[in-house]
Amino acid sequence: MGLYEKVDQLCKSKGIEKSNLGEVLGIKLTKGTVSKWQKGAMPRASTLKAMADYFGVTVEYLTNDDAVSVQTVQDNHGIIGSTHAPVTIINGSERKLSEQEIALLNLFEKLSVVDQSKLIVFAEELSAK
């Protein structure tokens with residue numbers, strides 16, 4: 001998956017249009033520039049950094065043309081593709097998060113979507129032991 005496809009997917013996950021990306025990032029970004037990415041052009045380093053920061057991914061993720069090596073969504077416990085699912089409180093109770101939970105969430109936010117998926121899969125495997 002190339003840069004254009006990744007940006008397209010990330011925009012959809014945030015509910016924004018690619019044509020509004022420049023406005024969201026606070027930079028000048030024309031529709032023509034974005035369409036050039038579809039033909040293989042690369043954005044400026046500052047644009048890549050702004051996009052990576054906004055989407056919570058690395059610049060390497062955006063620029064790496066290799067496909068993510070995932071055999072199936074099932075192999076990842078259904079994590080990829082559902083990372084923005086709403087939270088459901090099963091028992092209806094509310095509580096404050098512990099310091100460890102807050103620290104884990106802060107780290108989790110900084111990871112790319114793929115690394116978030118890996119962490120969730122690892123945690124599920126760890127809890128099954």
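This is a predicted model: local features need pLDDT of at least 70, side-chain atom pairs count only at pLDDT 80 or more; totals for chains, interfaces and linings use all residues.
Residues are numbered from 1 along each chain as its sequence is written. Local features need pLDDT of at least 70, side-chain atom pairs count only at pLDDT 80 or more, and totals for chains, interfaces and linings use all residues, while side-chain values use heavy atoms, leaving out hydrogens and water.

**Exercise 1.** Work out whether Lys 6 is buried or exposed.

Start with its place: Lys 6 sits in helix 1, residues 3–14 (helices are DSSP runs of H or I, at least four residues, numbered from the N terminus). Next, check the relative accessible area: 2%, so Lys 6 is buried (under 20%, with a 1.4 Å probe and protein chains only). Then look at its side chain, where a polar atom lies 2.5 Å from the backbone oxygen of Tyr 61.

**Exercise 2.** Find which residues Asp 8 pairs with in salt bridges.

A salt bridge puts a side-chain nitrogen of Lys or Arg within 4 Å of a carboxyl oxygen of Asp or Glu. One partner is Lys 12, with the closest N and O atoms 3.2 Å apart; both residues lie in helix 1, four residues apart, about one turn. Another is Lys 18, at 2.7 Å. Lys 18 is in the loop between helix 1 and helix 2 (21–25), so this pair ties together parts ten residues apart in sequence. Put together, Asp 8, Lys 12 and Lys 18 form a network.

**Exercise 3.** Locate the salt bridge of Lys 49.

Lys 49 meets Asp 53 at 2.9 Å, N to O. Both are in helix 4 (residues 45–55), four residues apart, so about one helical turn separates them.

Methods:
Helices (H or I, at least four residues) and strands (E, at least two) are DSSP runs, numbered from the N terminus. Buried means under 20% relative accessible area, exposed over 50%, partly exposed in between (1.4 Å probe, protein chains only). A polar contact is a pair of N or O atoms within 3.5 Å; within protein, one must be able to donate a hydrogen and the other to accept it, and residues adjacent in sequence count only if both atoms are side-chain atoms.
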